[in-house]
Amino acid sequence: MRIGFFGAAGEVTGSCTLVETGECRFLVDCGMFQGGREARTKNLNALKFGFDVRAIDFVLLTHAHIDHSGLLPLLSVLGYRGPVYATPATIDLLQVLLRDSAHIQEKESEWQLRHRRRRGQSGSMQPPLYTVAQAEAALKLLRPAPYREPVRPAEKISVSFHDAGHILGSAWLDVTLADAGKPRRLVFSGDLGMRDRPVLHDPEKVADGADVLLIESTYGDRLHRPFSETEDELVAAFERTRHTRGNLIIPAFAVGRTQEIIYILADLVRRERLAPLKIYIDSPMATAATHITLQHPALVDSHTHELIDWMQQHPGKIKLEFVADVDQSRALNEVRSGAVIISASGMCDAGRIKYHLRENLPRSECSILITGFQAAGTLGRRLVDGARLVRIFGKAIPVRARIHTVGGLSAHADRTGLLDWLRGFRTPPKHAYVVHGEAAASAVFAQAIQDELGWPRPHLPQLGERIDL
Ligand SMILES: [Zn+2]
């Protein structure tokens with residue numbers, strides 16, 4: 001058996017692992033590289049030169065995030081026609097996320113062409129990584145694999161998807177196969193969520209006895225803050241904004257974070273820590289993701305069901321308004337006081353959130369609530385770093401609104417959470433690999449596995465590395 005690491009090796013994006021045995025070849029995830037100048041080149045190279053796409057028998061997807069799924073359309077463009085197994089909720093989310101990703105690729109190509117023409121340069125349009133039509137072709141390859149119902153994508157191979165508690169439909173994978181006649185068990189963590197967090201179930205425990213393990217390490221070098229502190233910060237921001245009579249603007253990732261914020265705010269109202277609220281959700285993707293979440297009631301935890309029941313019994317306490325069209329969104333720009341708006345993108349560099357920031361950033365009575373990670377180079381990061389002036393749509397916008405950074409919300413388990421999950425293995429897996437982390441975080445986490453679990457130190461694979469087992 002041979003394992004090839006074609007992404008998320010020494011970094012957090014581009015997840016893609018190739019498993020080859022004498023009998024078959026399959027991929028676990030097919031993610032896009034994101035951030036940084038070299039991402040586009042890496043996205044093109046990852047599939048063109050890494051391996052023969054047509055020789056792949058099947059693909060397994062851990063979850064819908066683009067850094068795990070975003071190169072599927074490219075895989076199909078390059079000739080892959082086999083099945084792609086994913087949970088039903090992941091399939092629903094991909095209908096929205098892959099089309100959106102393709103739309104962004106198309107827009108970027110057009111923008112680059114316009115940009116070149118403005119600078120008097122000639123040349124034709126650089127084609128998008130993939131188009132909306134190509135993404136739609138890839139969506140046709142998806143096959144549902146519900147949690148805990150093993151699928152058999154090839155002879156002598158069985159795959160179980162288990163709830164990873166990271167985003168709706170996310171899974172860790174349990175693969176059993178025969179390699180040269182010997183049974184082998186491979187476990188892929190995908191991205192693992194935090195326990196005891198709103199909306200989703202906790203990650204399912206793993207059973208002992210694996211030959212191969214790939215474990216993510218996004219936050220393998222740190223601990224998240226206690227959730228109660230996050231709630232206190234939110235309450236303080238709301239109180240301050242009520243006092244100053246401004247608006248409260250919350251940039252949030254459409255999938256996961258938006259639903260989590262709605263839960264937390266509704267729960268704070270139920271516990272009378274916040275006054276009754278009306279919340280505008282102004283992002284078509286967040287609206288779609290919220291509806292998909294409600295279409296999978298078995299995937300949300302009992303606390304969420306209780307809260308939804310309470311909201312229905314107390315219709316005056318929390319009002320959710322899903323903003324559908326652009327006119328309605330523009331009308332919100334006119335509101336001067338008392339509006340609570342959740343909008344995307346989460347890092348403020350695209351989508352309707354930019355309009356809300358343009359209107360509200362210059363006003364000292366307003367507050368901006370940053371609830372997620374902000375990558376270097378994004379508008380969100382500049383706000384967190386205390387910029388006094390930012391550019392939005394080419395205009396200089398002074399920052400007078402209060403920027404609140406609410407910590408502690410993360411879709412990823414921290415070091416303790418990851419180690420607790422690994423304790424499901426009473427005996428160390430024969431071959432353990434730490435992936436999906438910045439190099440420093442992965443190294444710290446590999447050391448923690450050795451020190452705290454007493455395992456041999458896991459290997460940190462390099463991009464493109466192939467290992468024979
Ligand atoms: Zn993820």
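**A strand and a metal site**

Author: V212, L214 and E216 point one way from β11, whereas L213 and I215 point the other way, and all are buried. Buried means under 20% relative accessible area, exposed over 50%, and partly exposed in between (1.4 Å probe, protein chains only). Strands (E, at least two residues) are DSSP runs, numbered from the N terminus. This is a predicted model: local features need pLDDT of at least 70, side-chain atom pairs count only at pLDDT 80 or more, and totals for chains, interfaces and linings use all residues. Residues are numbered from 1 along each chain as its sequence is written, and side-chain values use heavy atoms, with hydrogens and water left out.

Reader: Which strands pair with β11?

Author: Two strands pair if DSSP finds at least two bridges between them. Strand β10 (residues 182-188) pairs with β11 in the parallel sense over 3 bridges, and V187 stands opposite L213. Strand β20 (residues 431-435) also pairs with β11 in the parallel sense, over 5 bridges; there, V434 is the bridge partner of I215.

Reader: Which residues coordinate the zinc ion?

Author: Donors are N, O and S atoms within 2.8 Å of the metal (3.2 Å for Na, K and Ca); water is not among the atoms, so sites may look incomplete. Here H63 (NE2), H65 (ND1), H166 (NE2) and D191 (OD) coordinate the zinc ion at 2.2 to 2.4 Å.

Terms used: Helices (H or I, at least four residues) and strands (E, at least two) are DSSP runs, numbered from the N terminus.
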